[in-house]
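Trainee: Can we go through this model helix by helix and then look at how its parts meet?

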Amino acid sequence: MFNYTFHWRPAFNALPRMFEGALVSLQIAVLSLVIGTAIAVVLALGRRSDNRLFYGFATGWVELARNTPALFQVYMTYFGLGSLGIHLDSYASLLVGISFNNAGYLAESFRGGLNAIPETQTRAARSLGMGATQAFRLVVLPQMFRIVFYPLTNQMVWALLMTSLGVTVGLNTDLTGVTQELNVRTFRTFEYFLFAAVIYYLMAKFITLSARLLAWRLFRY
Amino acid sequence: MMNFRTGLFAAVVSLAIAAPAYADKLDDIIASGKLRCAVTLDFPPMGSRDESNNPIGFDVDTCNDLAKILGVEAEIVETPFPDRVPALVSGRADVGVASTSDTLERAKTIGFSIPYFAFKMVVLTKEGSNIDSYESLKGRKVGSTAGTYEAIALEADVKKWNDSKGSFRSYQTQADVFLALSQGQIEATVVTNTVAQATVKSGRFKGFVVGGDSGYVTDFVSLIALRQEYGLLNYLNLFVHQQVRTGRYKELFDKWVGGDLPGLTVPGVYY
């Protein structure tokens, strides 16, 4: 039996606070994706590297990031590092945790992307007089981003949804944090969580659609 | 025209269909032979688990008393603080025996019995933090369990002090708050005197000390049930009253908490 009367008015009054929280969530998601992408490029190179140490480091990171729950990674960043005396605040822990996760997943996407680019591209670039770094940066990397663009979008949506884990490490400014505060204070669980779900949905849609638009502009031949 | 027998038959059938609608929660509990209590089990000495993982504590005993009087079996549904009301609303539990502070905000959603227990709030901190009173929390990193009475009061004060060095964090469980305090993520928390006592005494966390009284008004806590279940709420009121009257309240208090028995009334006003 569902014995519950909805109180919509107080929930609507709380919407401005929830929107503020949504912005914080979006901010963390964007930052974590930028940091994650930067690290992932390095890790992808590591996965293709002949240097055992570099390969081992990258593989270890990717394995850990992809095969453990994101909740565990965020929790460990906060309480795990905390037990070693390294104190990141809740916001930073969440950012580090999600960036770590993003980097691991994206590294594998990037590696796939790099593998898809024929070796002849690099050779052609080199024969035009480019250095190894130049060839990678100007010829290979742009093509790789074209290939991995959709996985990247996917990861962005995933990152946004993962920000909801911040509540477990005491974050109370993001969308889930704000929602949970409102919930425990008033016990109007269903109204607030429904609104939060709708806001998450709209943000995720916004990301996907704007990425499509961006891809259409960027990747025309 | 309908003859008498058809009419009687129709009346009996409609009564049979309509009758269950009159059975309220209290009837359902008695009929099902089971009382499901939402109890928070990381809140010693009110609710916790013993070495063999069985639920124990003041709230657990209270639930057992209630079940015994109703003539049914008690079932403890472990429920973290933020999930107490969802547990009732979604029908996973019948009654919340989980030290729920009777705020007016919450009473818009859930029904409260008369208070069955009362807490004083104290500051819990670590040795060497130089925190010896509530006022010295100003400009410090503090935290508490999301949604609790003390969390709401503490957060409001942190906002009021408006000290850039100070911060407030809320965690999902009491255990996480203690973990954060023991690691230094936060420098102090405000908890009930009972929890503070139990935690300091247990010795599970090194260096925890009580850093003075919080100065909050007494936190009265009630049993909770669905707001519209007056039959059950009335029964709970009588149950709480009888617990005190028969001396069972004192008995349980001495068993789990000890010290001065907190009064459950406020002078000068009816409940």
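Trainee: How do α9(A) and α10(A) run relative to each other, roughly parallel or roughly antiparallel?
Mentor: This is a predicted model, where local features need pLDDT of at least 70, side-chain atom pairs count only at pLDDT 80 or more, and totals for chains, interfaces and linings use all residues. Residues are numbered from 1 along each chain as its sequence is written, chains are lettered from A and ligands numbered from 1 in the order in which they are written. The axes (lines fitted to C-alpha atoms, for helices over the stretch in contact, with angles from 0 to 180 degrees between N-to-C directions) of α9 (175-186) and α10 (189-218) of chain A cross at roughly 170° and come within 9 Å. Angles under 35 degrees count as roughly parallel, over 145 as roughly antiparallel, 65 to 115 as roughly perpendicular and the rest as oblique, so α9(A) and α10(A) are roughly antiparallel.

Trainee: Which residues of α10(A) make the contact with α9(A)?
Mentor: Two residues are in contact if their C-beta atoms, placed from the backbone, lie within 7 Å. α9(A) gives A:Leu175, A:Thr176, A:Thr179, A:Leu182 and A:Asn183. α10(A) gives A:Thr189, A:Tyr192, A:Phe193, A:Ala196, A:Ile199 and A:Tyr200.

Trainee: How many residues of the contact of α9(A) with α10(A) are nonpolar?
Mentor: Ala, Val, Leu, Ile, Met, Phe, Trp, Tyr, Cys and Pro count as nonpolar, Asp, Glu, Lys and Arg as charged, and the others, Gly among them, as polar. The contact has no charged residues and four polar ones. The nonpolar count is seven.

Trainee: Is A:Tyr105 buried or exposed?
Mentor: A:Tyr105 sits in α5 (90-116) of chain A. Buried means 20 or more other C-beta atoms within 10 Å of the residue's own, exposed 12 or fewer, and partly exposed in between, with C-beta atoms placed from the backbone. A:Tyr105 has 21 such atoms within 10 Å, so A:Tyr105 is buried.

Trainee: At what angle do α2(A) and α5(A) pack?
Mentor: Helix α2 covers residues 15-47 of chain A. Its axis and that of α5(A) are 6 Å apart. The packing angle is about 45°. That makes α2(A) oblique to α5(A).

Trainee: Now chain B. Which residues of α10(B) touch α3(B)?
Mentor: Helices α3 (58-70) and α10 (248-256) of chain B cross at roughly 150°, with axes that come within 10 Å. They are therefore roughly antiparallel. On α3(B), the contact uses B:Phe58, B:Asp61, B:Thr62 and B:Asp65. On α10(B), it uses B:Arg248, B:Leu252 and B:Trp256.

Trainee: How far apart are the C-alpha centres of the two domains of chain B, domain 1 and domain 2?
Mentor: The bounds come from an automatic or database domain assignment. Domain 1 is 23-118 + 221-256, and domain 2 is 121-213. Nine residues of domain 1 are in contact with twelve of domain 2. The centres lie 27 Å apart.

Trainee: Which residues of α7(B) are buried?
Mentor: Helix α7 of chain B spans 174-183. Cover for its buried residues includes β7, β8, β9, β10 and α8 of chain B. The buried residues are B:Gln174, B:Asp176, B:Val177, B:Phe178, B:Ala180 and B:Leu181.

Trainee: How many residues of chain A are in contact with chain B?
Mentor: Chain B brings 23 residues to the contact. They divide into eleven nonpolar, nine polar and three charged. From chain A, the count is 21.

How values were computed:
Helices (H or I, at least four residues) and strands (E, at least two) are DSSP runs, numbered from the N terminus.
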